[in-house]
Amino acid sequence: MELETIKKSGTKAIDLQIGVRLREVRKNAGLSQKIVAERLGISFQQLQRYEQGENRVTAASLHHIAQLFGLPMEYFVRGEVAQRREVVLVTDDEARLIGRLRRVEASVFNQVRELVELKSL
């Protein structure tokens, strides 16, 4: 019984930590719960429950949240980011592209980067 209590309280602590970090990132980005919830495909009430630690954020949802804000998932769990980055919302298409770019060979990645850099001049 004691192990179960510890397990539940530990889980609650991480749920609260993730929620606090989510709220912090959302507010720093100047976004309402409604806007972020729409981008995540959930109700703003569900987002409220996430932020308050009342509902557990699944790994898939945390991944989507991290992509939305351009942060690593570890930020929400550990609160650490190797280099502080500006929080920028990315579209679903941009997130998909970023994910695909991370999986391509270095030579292909370099060609794409050079093309994008030339086009943005």
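## Salt bridges, helix packing and confidence

The structure holds four salt bridges, and the model in which they occur is a predicted one. One of them joins D15 to R56, with the closest N and O atoms 3.5 Å apart. This pair links distant parts of the chain, since D15 belongs to helix α1 whereas R56 lies in the loop between α3 and α4 (59-69), 41 residues apart.

The elements at the two ends of the range are given below.

| Element | Residues | Mean pLDDT |
|---|---|---|
| helix α1, lowest mean | residues 2-28 | pLDDT 74 |
| helix α3, highest mean | residues 44-51 | pLDDT 95 |

Over residues 1-7 the pLDDT is below 50, and this stretch has zero contacts in the model beyond near neighbours in sequence.

Helix α3 also takes part in a packing arrangement with helix α2 (residues 33-40), in which the two axes come within 8 Å and cross at roughly 105 degrees. Because angles of 65 to 115 degrees count as roughly perpendicular, α2 is described as roughly perpendicular to α3. On the α2 side the contact is made by Q33, K34, V36, A37 and L40, and on the α3 side by F44, L47, Q48 and E51.

A further feature is found on the surface, where V104, V108, F109, V112 and V116 form a nonpolar patch whose members together have about 340 Å² of accessible area. Of these residues, V116 is placed in helix α7, which covers residues 106-119.

Definitions and conventions. Residues are numbered from 1 along each chain as its sequence is written. This is a predicted model: local features need pLDDT of at least 70, side-chain atom pairs count only at pLDDT 80 or more; totals for chains, interfaces and linings use all residues. Side-chain values use heavy atoms; hydrogens and water are left out. Patches are made of residues with over 30% relative accessible area and no salt bridge: like charges are joined within 9 Å, nonpolar side chains (Val, Leu, Ile, Met, Phe, Trp, Tyr) within 5 Å. Accessible areas come from the Shrake-Rupley method with a 1.4 Å probe; for residues, only the protein chains shown count as cover. A salt bridge is a side-chain nitrogen of Lys or Arg within 4 Å of a carboxyl oxygen of Asp or Glu. Helices (H or I, at least four residues) and strands (E, at least two) are DSSP runs, numbered from the N terminus. pLDDT is the predictor's confidence in each residue, from 0 to 100. Contact means heavy atoms within 4.5 Å. Axes are lines fitted to C-alpha atoms, for helices over the stretch in contact, and angles run from 0 to 180 degrees between N-to-C directions. Angles under 35 degrees count as roughly parallel, over 145 as roughly antiparallel, 65 to 115 as roughly perpendicular and the rest as oblique.
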